[in-house]
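How do its parts sit against each other?

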Amino acid sequence: YVCSTWGNNHFKTFDGDMYQFPGLCEYNFASDCRGSFKEFSVHVQRALNSNGHPHIQYILITIRDFTVYLKPKLAVVDGKIVKTPYYSSGLLIESNDIYTKVYAKLGMTVVWNQEDALMVELDNKFNNHTCGLCGDYNGVQIYNEFINGDTSYNAITYGNLQKISKPNARCEDADETQALPSCIEHRDECERLLTSSAFADCRLRLNLEMYIHACMQDKCACNGREDSFCLCSTISEYSRQCSHAGGRPGEWRTPYFC
């Protein structure tokens, strides 16, 4: 029931497909796509920070008649800056130094770490009714996202299709010919990090292989620079998703690591 994005442009759909999409426009992350009236929509816009790492610049959420605009340490509802915790009919916004959380009574929770990682959890009444970077939530991997009828899309084509067209926005589509490097030389290190004893309770709850691949891509992208973004963002996501799935990750951060 969870879709997430984190770190070096990684996405995991409701159906469990994992892919990378480096777009820097505003995109439909997840929306109700049944009829002309959308019960909710979540849009996301990334930018590169001064180190060249992607982070989430803002999130735009509509829930029936409400519009919620989130930036780090800022929440705006229907055009007015609000203090958190903020309550209104069917809507709760909480924030602290680490997370902003939005709970909507219609069956949606949005959690953002105010940096790179965003997670949307949806009630299963929205099965087969969503669209966007998070996919259609029909319980079947690949189909309707990356294979639709006789057409197949790569991750970047699929991502570009989710762009929100805004009349004045000048925004280039991501390059669809970019192939991901194999990064196989980082496999041992990523596997060692993600199978450490701190994550013993996570092995059977998550698809470990997917996170190993994401970690390998992170290491490649950093070209040997040992900065914490490359090492820590996927491990942090693995830890978050493990907790979310009912696991209890141990203490994996140290003063010298992440």
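What follows is a quick look at the domains and the interface between them.

## The model and its parts

This is a predicted model, where local features need pLDDT of at least 70, side-chain atom pairs count only at pLDDT 80 or more, and totals for chains, interfaces and linings use all residues. Residues are numbered from 1 along each chain as its sequence is written, and side-chain values use heavy atoms, with hydrogens and water left out.

The protein splits into domain 1 (2-161) and domain 2 (184-245), with bounds from an automatic or database domain assignment. Taken over C-alpha atoms, their centres are 22 Å apart.

## Where the domains meet

On the domain 1 side, 21 residues contact 17 residues of domain 2 (contact being heavy atoms within 4.5 Å). Together the two domains bury about 1400 Å², with 61% of that on carbon and sulfur atoms; this is the accessible area (1.4 Å probe) lost on putting both parts together, summed over both. In domain 1, Trp6, Met18 and His53 lose the most area to domain 2, making up 36% of what that side buries.

## What holds the count

By class, the side of domain 1 that touches domain 2 has seven nonpolar, ten polar and four charged residues. Here Ala, Val, Leu, Ile, Met, Phe, Trp, Tyr, Cys and Pro count as nonpolar, Asp, Glu, Lys and Arg as charged, and the others, Gly among them, as polar.
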